[in-house]
Structure formats: C-alpha cells, structure tokens
Amino acid sequence: MNSVLARLLAWQIGTLIITAAFVTALTYRMTWTEFSRSRDLSLEQVAWAVMRHHGMHPEIYDLSNQQQSIISQIWGSDGKLLFASRPDQPLPRQKPGLSTFTWQDQEWHAMVIEDRGTTVQVANPSDSHALWFREFGSSLIVPFSVLVIIMGSFIAIAAAQAFQPLRQLRQEIRERAPGFLSPIPREQYPDEMLVIVDALNDMFQRLDQAFLARQRFIADAAHELRTPLTALQLNAQVVSGEGDPLVRQEALKNLRSGVDRAAHLVSQLLHLARFDPQFAGKRTIATVDLLELAKTVIIECDILAAAKDIDLGLAEQMPTALTGEPEALRVLLSNLIDNAIRYTPAAGRIDVSVTHDQESARLIVADNGPGIPLGERERVFEAFCRLATTIPGSGLGLAIAREIVRQHDGQIALDDTPGGGLTVRVDLPLR
C-alpha cells in the first residue's frame, strides 16, 4: 500500500524491535556485570573475615582501617563475642532473622542465624546499598543514551523518507512555468497526498479555463472594438476630404452612429469588468424599490423605444423592495430592456412586470421580437455572443445580466412569449 502512515509505522515498529532487542541485551550484560562485581566483592570480604577468624596473620589482615562494608560477628552459647571482623565497630547483637537497625546514626541491615548455641551475625550499612545502586543506575545511562540515539536516527530517516513526496510536490510546483497547467500525475504520490494532488489538479484546470476565457475575452473585445473604430476612421476621412455636402452629412451620421456603438461597447466592457466576482466584496448593499427602479429605467430607455415606435411600459406592478446593490440592479434592468428594444421590430411591444411572493421578487421583460431558439438559449449568456449579426450590439448584455443575478443569489431564465417573442424572467431573493 502506497501510504505515508504505512511507511512511518513500518520504520518505527522495525526500529523499536531492533533497538529494544539491542538495548535489552546491553542492559542484561551490564546488569550481570554489576551483580557479578558486587558478588565478588562480598565473597572477597567474607574470605577476609574467615581468614581473620582463624587467626592467620592478624597483623597483616587487620581490616579495621580499610573500607570493609560487610561486618561479621560470632557469639558463643554464653553470649561472649568470639569473633568480630571489625573490632573497631562492635555492632549490637540483633534478633535471629533479617532486621534493620540504627547504630551510631547510621542505618544497618543484618542477618542473624543461631545453631547449637552459636550465633552468627552478618551486617552491612544501608549506604553501601545506595552507593552500589547509584553506581549501577549510572551505568544504565549508557543503554538509554544508545536507545535515544538509535531510535532518534531511525525516526529522522523515516520522517525524511515519509515526507519526501511533499518535497517532491513542492519542487514540481515551484519549477512549473506560469502557463504550464497540466495535471500532476497521481501515481507517484502516496494515498494521503491524493487529496492535495486532486485539489491542485482541479485548481490547475479552473485556472486553465480562466486563462483561456481571458484570452478569448481580450480577442473578442479587440475584434468588437476594431469594427466601430475602423468605421470611425473611414467616416472621419470622408468628412475631412469630401466636398459634397450630402456625402459629408451621411458620413457625419455614420460617424455619430459609430461613436455611439463604440461608447456602448466600452460601457458594457466596463460593466462586465466591474461585476467580476473578485470585486463582489466592494459592493454597496441597500434596500432597493424594484418597482420605482423599473419605472426610472423605462423612462431612460423610452427615447430608444420611441425611435422604433415600440410600446414600452409596465404590465404588472407590485410594490417590491429587496436587498441588493442599486447600481447593479439598474444595469440589469437597463441591459434587459435595451436588448429587447434592439431585437424587437418597429411598432412592436415590450412589457415589463414587477411582482413578488413571500420569498422572492420576480422581474419579467417580454417582447414580441424573433425570440431565441431553444438550443441557443444557454449560449447567448456567453460574452460577445450575438445570434443576429445585422443588429448592432456588443453581445455582452445577457452575460452581464446573468453575472449580476448570480451575485444576488437569483435565477435568470429565457422563455417564449405567448404569440411569439422572448420573455426574460429574473427571480431574486428579497434578502
């Protein structure tokens, strides 16, 4: 299994087994050595005591001035002290068995046995036990240090091996060119990192789509701007060089039309950039009277509608207040009505309705123009999409409208108008 956890467990468990076996053997060896040394020392002192007991060269083997920790004493049946390995330390006689007593401000351990009137007492001070334990305990520092060094080294190696894929992923991302957004191969990374790899691949895919959309947007914007600018340039040349007043008048008319088209396109581009999602946090949110806003926009657009003899007005009217961005909602209504005016034939009709229920407000703009085929209704929300190239426009109106509706958590849909035409329905939550 390709897993960081499995690798770490394998390294750590293996290290623990090997290190525990080694340290156990080392501790056993050192413990045995210390016990053997203590035993040999005890045997040596007992041997010296026996030597003195038999009176062999007492002047040579007098241990009264040496550090002899084990003291042996023998009493006869009459209670007389027959032998003392340390005459300078006459320990008091204790009861038979193992006992602990204090003599001359020092604690002693003694073993006393009696046999046929003879009593033997062997004792040593508690300090000797403590000294031996300290010496033995200090020797345990060695295996403990070995344990820490070995396990620390193996754990460091294990951690380095386990987190090598993270360093590899960091290096791969760091070495990528800004435009290189191909997916990262999943096979070379452990299971725990697949979530990160998948998230990065998803981000790369979205960035790639965003870059492509940006490039397409720039290309489309340049193409859309080139046409009116070229027309402006040609008509300006005609105005400046043509002597015929009628021709100049027609060129001036075309010049004004081109200026209006370029201005409209620039305005729509600015709206599209302004309502980009990354600027959503900079909006001004307030309570908007949607009915009053619709009346204001209808008045503003009435000049364009009157130029084509289009009947533009309110059909259903319900006082409706909702929470949103006033300017964005104004642009939404303006774009929908402007689109309807552009595609509605002369002497046509455009009805605007404002209604609401308990949860949402509904805005409807219905015309009796050519409508939009069912298969094209999703595509027209894309920037610079125009189905009728003979009708002037930027192809940005519905794209801007959908973005504004989306930022207000609403829904926008296209339907057929009864009797022919297009109906745009927008549902916006009241809050």
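Residues are numbered from 1 along each chain as its sequence is written. Because the model is predicted, local features need pLDDT of at least 70 and side-chain atom pairs count only at pLDDT 80 or more, whereas totals for chains, interfaces and linings use all residues, and side-chain values use heavy atoms, with hydrogens and water left out.

**View 1. The antiparallel sheet, with strands in the order E2-E1-E5-E4-E3.**
Five strands form this open sheet; strands (E, at least two residues) and helices (H or I, at least four residues) are DSSP runs numbered from the N terminus, and two strands pair if DSSP finds at least two bridges between them. Strand E2 (81-84) and strand E3 (97-103) are the edge strands, each pairing on one side only. From one strand to the next the twist averages 25 degrees, where angles run from 0 to 180 degrees between N-to-C directions and axes are lines fitted to C-alpha atoms, for helices over the stretch in contact. Five bridges link strand E1 (residues 71-75) to strand E5 (residues 118-125) in the antiparallel sense, with isoleucine 74 standing opposite valine 120 in E5.

**View 2. The two hairpins, E3 with E4 and E4 with E5.**
E3 and E4 pair in the antiparallel sense over seven bridges; glycine 97 stands opposite valine 112 in E4, and threonine 102 has glutamate 107 as its bridge partner in E4. Two residues lie between the strands of this hairpin, in which glutamine 104 takes a positive phi near 55 degrees. E4 and E5 also run antiparallel, joined by eight bridges, and histidine 109 stands opposite asparagine 124 in E5. The hairpin of E4 and E5 has two residues between its strands, and arginine 116 in the turn has a positive phi of about 50 degrees.

**View 3. The salt bridge of arginine 93 and glutamate 114.**
The side chains of arginine 93 and glutamate 114 meet at 3.7 Å, N to O, under a rule that requires a side-chain nitrogen of Lys or Arg within 4 Å of a carboxyl oxygen of Asp or Glu. Arginine 93 lies in the loop between E2 and E3 and glutamate 114 in strand E4 (residues 106-115), so the pair ties together parts that are 21 residues apart in sequence. By this rule the count comes to 17 salt bridges.

**View 4. The packing of helix H7 (residues 290-307) on helix H8 (residues 326-343).**
The axes of H7 and H8 are 9 Å apart, and the helices pack at an angle of about 40 degrees. That angle makes H7 oblique to H8, given that angles under 35 degrees count as roughly parallel, over 145 as roughly antiparallel, 65 to 115 as roughly perpendicular and the rest as oblique. H7 passes H8 in a right-handed crossing, the hand being right if the near helix is turned clockwise from the far one by less than a right angle, and left if anticlockwise. Contact means heavy atoms within 4.5 Å; on the H7 side the contact residues include Leu293, Val297, Cys301 and Leu304, and on the H8 side they include Leu329, Leu333, Ile337 and Ile341. The residues of this contact divide into 13 nonpolar, one polar and three charged, where Ala, Val, Leu, Ile, Met, Phe, Trp, Tyr, Cys and Pro count as nonpolar, Asp, Glu, Lys and Arg as charged, and the others, Gly among them, as polar.

**View 5. The packing of H8 with helix H9 (residues 397-407).**
H8 and H9 pack at about 145 degrees, with their axes 9 Å apart, and their crossing is left-handed. Among the residues that meet are Val331, Leu332 and Leu336 in H8, and Leu398, Ile400 and Ile404 in H9. By class, this contact has nine nonpolar, three polar and no charged residues.

**View 6. The mixed sheet, with strands in the order E7-E9-E10-E12-E11.**
Five strands form this open sheet; strand E7 (311-317) and strand E11 (411-416) stand at its edges with a single partner strand each, so one side of each is left without a neighbour in the sheet. The twist averages 15 degrees from one strand to the next. E7 and strand E9 (residues 349-356) pair in the parallel sense over five bridges, and the bridge partner of aspartate 311 in E9 is arginine 349. H7 packs on the sheet, touching E7, E9 and strand E10 (360-367), and its direction makes about 165 degrees with that of E7. H9 lies across E11 and strand E12 (422-429), running at about 135 degrees to E11.
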